[in-house]
Amino acid sequence: MATQPVLSLTDIDRSYGQGETTLQILKGANFTLNAGETVALVAPSGTGKSTLLHIAGLLEHPDGGDVLVGGVPCQHLGDDQRTAMRRNSIGFVYQFHHLLPEFSALENVMMPQLVGGLSHKEAAERSQQLLDYMRVGHRAHHRPAELSGGEQQRVAIARAVANAPLVLLADEPTGNLDPETAAYVFSALEALVRQSGLSALIATHNHDLARRMDRCITLVDGKVIPFDA
Ligand code: ADP
Ligand code: MG
């Protein structure tokens, strides 16, 4: 059986204007993520990891090229269709948790499911299961500010997978944590991804963590190339 790509980036260009000059960050970048595959994106700061992930997550438009999610080209989708694609097919974890401060951990994980049409009861049950799986279930009724950095990230990961996305994108998800906490959170993330057969692209500076993925890539001169971590 041929492997089905869940995410493809084709000939992606992206530049930013800086005063008089333009900074070309991505120059014909190509990347394919297959179903059930985990990939680490390892590259120095400033090389375009976040830019690539934001484009892959339909949070930003490339200047050229296209993003295919589940085989669907996204370049010409309207804003509503892009939003729906993001909500149903893509989970995103940021370096900083981005949880809604006025809601509990449980409510934060429930939110995307309620927007996606699940009943309150179903969403609450699934959210509690995800929080339990991430070993933060006992903190379900606390607000983000009452949680440690590692707990906040585990809640953010639970939220990212709440709608059973096709692809999980994570932008240095443990970059803001001390090494011990980072290892713990990364292991929980890895277990969840492996257990659910999710495809994941994870940017990380940590080569030890990167090596645990199926393969590694890096960015050189605006292009994606294989990397030996
Ligand atoms: P990384 O995540 O690998 O550290 P980024 O994708 O955040 O890299 O940024 C790549 C380069 O693009 C950096 O030089 C950064 O300063 C620049 N950049 C990123 N976003 C913007 C923006 N909105 N406007 C101008 N320059 C930007
Ligand atoms: Mg970044």
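A residue is called buried when its relative accessible area is under 20% and exposed when that value is over 50%, with partly exposed covering what falls in between. In this predicted model, His142 has a relative accessibility of 28% and therefore counts as partly exposed. His142 belongs to the loop that runs between helix 4 (120-133) and helix 5 (149-160). Between His142 and Ile90 there are 52 residues of separation in sequence, and their C-alpha atoms are 26 Å apart in space.

Ile90 leads us to strand 6, which spans residues 90-93 and is covered on both faces. In a regular strand the side chains alternate between the two faces of the sheet. In strand 6, Ile90 and Phe92 lie on one side while Gly91 and Val93 lie on the other, and all of these residues are buried. The strand has a partner in strand 7 (residues 167-171), with which it pairs in the parallel sense over 4 bridges, and within this pairing Phe92 stands opposite Leu169 of strand 7.

A pair of aromatic rings is described by the distance of the centres and the angle of the planes. A search of the whole structure finds 1 aromatic pair, and this is formed by Phe92 and Tyr94, whose ring centres are 4.7 Å apart and whose planes make an angle of 40°. Because planes under 30 degrees apart count as stacked and those over 60 as edge-to-face, with the rest as tilted, the pair of Phe92 and Tyr94 is described as tilted. The two partners fall into separate accessibility classes: Phe92, at 12% relative accessibility, counts as buried, whereas Tyr94, at 24%, counts as partly exposed.

We turn now to ligand 1. Among the residues around it are Tyr16, Leu23, Ile25, Pro44 and Ser45, and the shell also includes Gly46, Thr47, Gly48 and Lys49. Strand 2 (21-34) and helix 1 (49-56) each supply at least two residues of this shell, and the largest share, 3 residues, comes from helix 1. Sorted by class, the shell holds 4 nonpolar, 6 polar and 1 charged residues.

Several polar contacts to ligand 1 can be followed atom by atom. An oxygen atom of the ligand lies 2.7 Å from a polar backbone atom of Gly46, and an oxygen atom of the ligand is likewise 3.1 Å from a polar backbone atom of Gly48. With Lys49 the contact is made through the side chain, where an N or O atom is 2.9 Å from an oxygen atom of ligand 1. Of the 560 Å² of accessible area that ligand 1 has on its own, the protein covers 63%.

Notes:
Residues are numbered from 1 along each chain as its sequence is written. Chains are lettered from A and ligands numbered from 1 in the order in which they are written. This is a predicted model: local features need pLDDT of at least 70, side-chain atom pairs count only at pLDDT 80 or more; totals for chains, interfaces and linings use all residues. Side-chain values use heavy atoms; hydrogens and water are left out. Rings of Phe, Tyr and Trp (its six-membered ring) pair if their centres lie within 6.5 Å; planes under 30 degrees apart count as stacked, over 60 as edge-to-face and the rest as tilted. Buried means under 20% relative accessible area, exposed over 50%, partly exposed in between (1.4 Å probe, protein chains only). Two strands pair if DSSP finds at least two bridges between them. A residue is near a molecule or strand if one of its heavy atoms lies within 4 Å of it. A polar contact is a pair of N or O atoms within 3.5 Å; within protein, one must be able to donate a hydrogen and the other to accept it, and residues adjacent in sequence count only if both atoms are side-chain atoms. Accessible areas come from the Shrake-Rupley method with a 1.4 Å probe; for residues, only the protein chains shown count as cover. Ala, Val, Leu, Ile, Met, Phe, Trp, Tyr, Cys and Pro count as nonpolar, Asp, Glu, Lys and Arg as charged, and the others, Gly among them, as polar.
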